[in-house]
Amino acid sequence: MDKAIEKTIDIDKILKSKIGSKVKYIPRFATSWLKSIIHEDEVNRFLWESRNLRGTEWLTECVHYLDMTLEIVGLENLPDKSDGKLYTFVSNHPLGGADGVALGSIIGQHYDGKFRYLINDLLMNLPGIRPVSIGINKTGSQSRNFPQMVEAGFQSDNHMLMFPAGICSRKINGHIHDLAWTKTFVSKSIQYKRDVVPIHFGGQNSDKFYRIANACKALHLKFNIAMLFLVDEMYKNVHKTFRISIGKPISWETFDKSKTHKEWARVVEDEVYKL
C-alpha cells in the first residue's frame with residue numbers, strides 16, 4: 001500500500017484490542033489470510049479517499065464505489081420528512097454489508113441524515129459511518145449495555161433503521177432467508193409510538209458463504225466465522241443491480257395484545273418477504 005495512505009483498518013491492532021496479549025499465539029499466516037479476506041488494502045484505500053465524508057454522504061459514496069444500481073419500488077411509501085413523526089424502518093439482511101450501506105444512503109438522503117443504525121461494533125472502526133450508528137457488541141463486555149443503547153436510540157429524535165435478524169440471511173431449505181426476527185423493534189416501536197416501515201432488499205451472497213455459515217451451525221461454533229467473509233462477499237457484489245421494495249407504514253397500534261411481541265415480529269417479517 002502507498003505509504004501516503006493512512007491505515008484505518010489495521011487487523012493487527014484490532015486483534016490486539018479484542019484478545020490482548022493472546023494475539024502473539026496467532027500464526028502469521030493466519031493474520032495474512034485475514035487481511036486478504038477482508039481486503040485490508042482496498043478498504044483502507046477507499047477509506048482514505050473518502051476520509052472527508054461522514055454519515056449519509058459517506059454511505060452514498062460507498063454505493064458509488066461499489067457501483068450498485070438500486071431499483072427502488074414503493075419510494076412513495078416513505079413517510080414525509082416534515083410530518084413530525086419518527087419511524088422504525090426494518091429490513092431483511094441478505095448481504096450483511098452492502099444492503100445496509102444502500103438503505104442507509106436512501107433513508108439518510110430522504111430524512112436529511114436523521115436516522116441511526118444498530119450495527120456490529122466492529123463497523124465503528126469506519127469513521128464515515130459513526131455519526132449515524134450505534135455500535136453493539138452482543139457477545140463482549142459491552143453486551144450488558146445493549147438494552148440501554150437501544151433505548152437511547154429510540155429516545156432520540158432520529159428515525160431507527162434495524163435489521164431484526166441481527167445477522168445476515170442464511171440459505172434455509174434452499175431459499176435465502178433471515179433467521180427469526182427478534183422482537184425489539186416491536187416492543188420499542190410500541191413504547192415510543194413509532195410506526196414501522198417494512199423494507200425488502202433483494203440479493204444474496206455466494207454459495208460458498210452459505211456453505212461456511214451452515215457448516216458453522218452444524219459444528220455448533222459460537223464464533224460467527226461466516227462474518228469474516230462479508231467484506232469479500234461485498235466485493236463479489238460490485239456492479240450488480242438490487243431491487244428494494246418499500247412497504248406502507250404499519251401503525252404501532254396494530255401491535256395489540258392479540259399476539260405476543262415475538263409473534264408480531266414474525267408477522268412483519270412475513271410482510272417484508274411478500275414485498
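Let's start at Trp 33, which is partly exposed with a relative accessible area of 40% (buried means under 20%, exposed over 50%, and partly exposed in between, using a 1.4 Å probe and protein chains only). Keep in mind that this is a predicted model, where local features need pLDDT of at least 70, side-chain atom pairs count only at pLDDT 80 or more, and totals for chains, interfaces and linings use all residues. Residues are numbered from 1 along each chain as its sequence is written, and side-chain values use heavy atoms, with hydrogens and water left out.

So what does Trp 33 pair with? A search of the whole structure turns up twelve aromatic pairs. Rings of Phe, Tyr and Trp (its six-membered ring) pair if their centres lie within 6.5 Å; planes under 30 degrees apart count as stacked, over 60 as edge-to-face and the rest as tilted. Trp 33 and Phe 229 make an edge-to-face pair, 5.7 Å centre to centre with 65° between the planes. Trp 33 sits in helix α2 (residues 28–37) and Phe 229 in the loop between α8 and α9, so the pair ties together parts 196 residues apart in sequence. (Helices, H or I with at least four residues, and strands, E with at least two, are DSSP runs numbered from the N terminus.) Phe 229 is buried, at a relative accessible area of 9%.

Now try Phe 46 and Trp 58: their ring centres are 6.1 Å apart and their planes at 45°, so this pair is tilted. Phe 46 belongs to helix α3 (residues 40–49) and Trp 58 to helix α4 (residues 55–65), twelve residues apart.

Next, the strands. In β5 (residues 159–162), His 159 and Leu 161 point one way while Met 160 and Met 162 point the other, and all are buried. In a regular strand the side chains alternate between the two faces of the sheet. Strands count as paired if DSSP finds at least two bridges between them. β5 pairs in the parallel sense with β2 (residues 87–91) over three bridges, with Phe 89 opposite Leu 161. β3 (residues 115–120) also pairs with β5 in the parallel sense over three bridges, and there Arg 116 stands opposite Met 160.

Finally, helix α5 is mostly covered, with eleven of its 13 residues buried. Among them are Val 101, Leu 103 and Ile 106. Just after α5, Asp 112 takes a positive phi of about 55°.
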